[in-house]
Amino acid sequence: MNQQITERPSGARRITPAMVLAQRAAEMQPMSAVSPKDILSVLRRARSAVGLTCQQTELLAFLVSWTRPQDWGEDGLPICAARNADIMERFDLGRTRVKELIRSLAEVGWLICNDSPNGHRFVRRAARTGPVTHGYGFDLSPLSRRFAELEQAALAQEERRREGRRLHGDVMGLARRALALCAAGEEAGVPRVRLEAYERDARELLALRGRDRDVAILTPLAERLAGLVGRIETDILAVIPVESDPMGSPERPPITTTNPDHSAKATVSGSGCAAKTHEASRSEIEPQHVTPTSPLRGFRATPSFLLQIAPGLRDLCPSSRPSEREIMEAVPFLCHSLGISTHAWRQAINVLGPYEAAVALCVIAARHGRGEVRSPGGMLRAMIARHIEGTLALDRSLYGLAEHLDTSKAVH
């Protein structure tokens with residue numbers, strides 16, 4: 001009676017069902033006409049996308065280095081005859097770990113273990129430099145057969161990385177906008193308790209961003225921050241008065257920033273001696289050029305006068321004798337130092353006019369410096385509301401400030 005063999009022969013490789021399935025799937029695909037250099041380049045780029053570790057990838061690259069370019073191609077036979085001892089020496093690994101790595105690569109279908117009857121590994125070529133005719137060892141043809149899969153995985157991985165970098169920046173930008181809107185909401189009058197909750201949510205979502213560029217993590221964070229920004233903007237718009245006629249009434253002069261000519265208005269001389277110039281300034285009004293609805297009401301606020309009532313504007317202007325245009329370009333920086341939001345400043349320009357808004361801001365800066373104004377942004381919005389009602393008279397504030405000017409610091 002024949003004796004049944006129940007034990008695996010000593011020295012023979014253990015074959016698992018996964019290795020058989022992977023080998024069958026790989027052999028069903030044709031070889032690609034690509035070089036080993038291209039295969040390794042795509043393999044390293046698609047490594048994480050196809051589930052390979054860095055150690056597995058470098059082991060495949062080491063095995064490929066034992067082959068020759070003529071072993072690849074549509075009719076090639078890329079067989080590697082490297083011994084386990086060679087792999088152990090190259091990667092400083094033990095024999096058990098080397099066997100685990102080889103088996104793991106065979107089970108996922110990146111190489112085929114083609115063992116000889118006596119367990120030796122070798123290759124035979126048609127000539128000294130010819131292609132491989134037959135051999136035993138590691139069959140690396142699955143790398144060529146699955147090249148299209150590797151290439152698609154590499155492209156998808158690069159796209160995910162680009163999207164991850166974009167989302168990483170978007171999360172930071174949305175969080176900063178949410179915090180900036182919270183500051184604007186406090187100025188506009190949104191309840192502080194609600195703003196504190198918004199700020200807390202924005203900071204918590206930003207902390208979850210971390211240093212990774214994982215699209216799966218960053219996408220929901222960006223969506224939640226975008227919703228948070230939308231809720232804050234809605235709350236701010238709910239408390240801000242909306243101008244019923246944003247295009248302006250027929251009586252209001254058209255808004256322009258290209259020709260801010262205010263020479264037709266009454267003037268206070270740069271000497272700062274207001275008591276002697278009140279009547280003179282009133283007499284210099286040219287009625288045919290005065291805009292009836294201007295909040296200045298005929299007061300000619302020259303750049304030199306604005307520098308006197310708002311000394312903080314001096315360092316923001318490019319010259320010691322700025323023009324009206326230079327004043328208007330410097331005033332937004334003064335807004336920032338006073339804590340006035342960009343929304344409030346743009347609304348002031350649209351409602352009051354470019355230069356009139358600059359004058360109004362100088363008045364606010366002067367009164368804030370004297371401790372008369374606690375909320376510059378609130379005062380600017382109050383001025384906008386009063387001008388819409390037709391009750392804003394900046395000339396009174398300007399005459400009052402002119403009376404307190406020091407003649408020794410006059411700007412000529």
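Trainee: Which elements of the chain have the lowest and the highest mean pLDDT?

Mentor: Where pLDDT is low, the predicted coordinates should not be read in detail. Here strand β5, residues 266–267, has the lowest mean pLDDT among the elements, at 36. Helix α3, residues 54–64, has the highest, at 94. Over residues 242–292 the pLDDT is below 50. That stretch still has 78 contacts in the model beyond near neighbours in sequence.

Trainee: Over which other residues does pLDDT stay under 50?

Mentor: Residues 407–412. The model gives them 15 contacts beyond four places in sequence. For the chain, the average pLDDT is 80, and 83% of the residues score at least 70.

Trainee: How many helices and strands are there in the chain?

Mentor: Count 16 helices and 6 strands.

Trainee: Which strands pair with β4?

Mentor: Start with the rule for side chains. In a regular strand they alternate between the two faces of the sheet. Now the case here. Strand β4 spans residues 132–139 and pairs antiparallel with β1, residues 79–80, over 2 bridges. Strand β2, residues 112–114, is joined to β4 by 3 bridges, again antiparallel. Strand β3, residues 122–125, runs antiparallel to β4 with 4 bridges.

Trainee: What stands opposite C80, and what stands opposite C113?

Mentor: C80 stands opposite F138 in β4. C113 stands opposite F138 too.

Trainee: How many residues lie between β3 and β4 in their hairpin?

Mentor: There are 6 residues between the two strands.

Trainee: Now the interior. How many residues does the largest nonpolar core have?

Mentor: The general idea first. In soluble globular proteins, nonpolar side chains tend to be buried together. In this chain, 43% of the 412 residues are buried. The largest nonpolar core has 46 residues. Those with the most contacts inside this core are F305, L306, I309, L313, I327 and L398.

Trainee: Which elements give two or more residues to this core?

Mentor: They are helices α11 (303–309), α12 (324–338), α13 (342–352), α14 (354–369), α15 (376–389) and α16 (394–402). Helix α14 gives the largest share, 11 residues.

Trainee: What does L313 touch?

Mentor: Leave out residues up to four places away in sequence. L313 then touches L307, I327, A330, V331, L334 and C362. There is also a second, separate core of 35 residues. L59, L60, L101 and L143 are among its members.

Trainee: How many disulfides does a search of the whole structure find?

Mentor: A disulfide is a covalent bond between the sulfur atoms of two cysteines. The search finds 0. Take C335: the nearest cysteine sulfur is that of C362, 9.5 Å away. A disulfide needs the sulfur atoms within 2.5 Å, so C335 is in none.

Trainee: Is C335 buried or exposed?

Mentor: C335 is buried, because its relative accessible area is 3%, under the 20% cut-off. Contrast C54, which is partly exposed at 47%.

Trainee: Where is Q157, and what does Q157 touch?

Mentor: Q157 is in helix α7, residues 147–188. Q157 is buried, with a relative accessible area of 11%. Setting aside residues up to four places away in sequence, Q157 touches R45, S48 and A49.

Trainee: How far apart are V20 and I112?

Mentor: In sequence, 92 residues; in space, 9.2 Å from C-alpha to C-alpha. V20 sits in helix α1, residues 17–27. At 43% relative accessibility, V20 is partly exposed. For the chain, look at contacts between residues at least 6 apart in sequence: 73% of them join residues at least 24 apart.

Trainee: Which residues other than glycine have a positive phi?

Mentor: D92 is one of them, with phi near 55°. D92 lies in the loop between α4 (84–91) and α5 (95–107). D92 is exposed, with a relative accessible area of 70%. R297 is another, with a phi of about 50°. R297 lies in the loop between α10 (274–283) and β6 (299–300). R297 is partly exposed, at 41%.

Trainee: What does the accessible surface of the chain come to?

Mentor: About 23100 Å², of which 51% belongs to carbon and sulfur atoms.

Methods
Residues are numbered from 1 along each chain as its sequence is written. Side-chain values use heavy atoms; hydrogens and water are left out. Buried means under 20% relative accessible area, exposed over 50%, partly exposed in between (1.4 Å probe, protein chains only). Contact means heavy atoms within 4.5 Å. Accessible areas come from the Shrake-Rupley method with a 1.4 Å probe; for residues, only the protein chains shown count as cover. pLDDT is the predictor's confidence in each residue, from 0 to 100. Two strands pair if DSSP finds at least two bridges between them. A nonpolar core is a set of buried Ala, Val, Leu, Ile, Met, Phe, Trp, Tyr and Cys residues joined through side-chain atoms within 4.5 Å.
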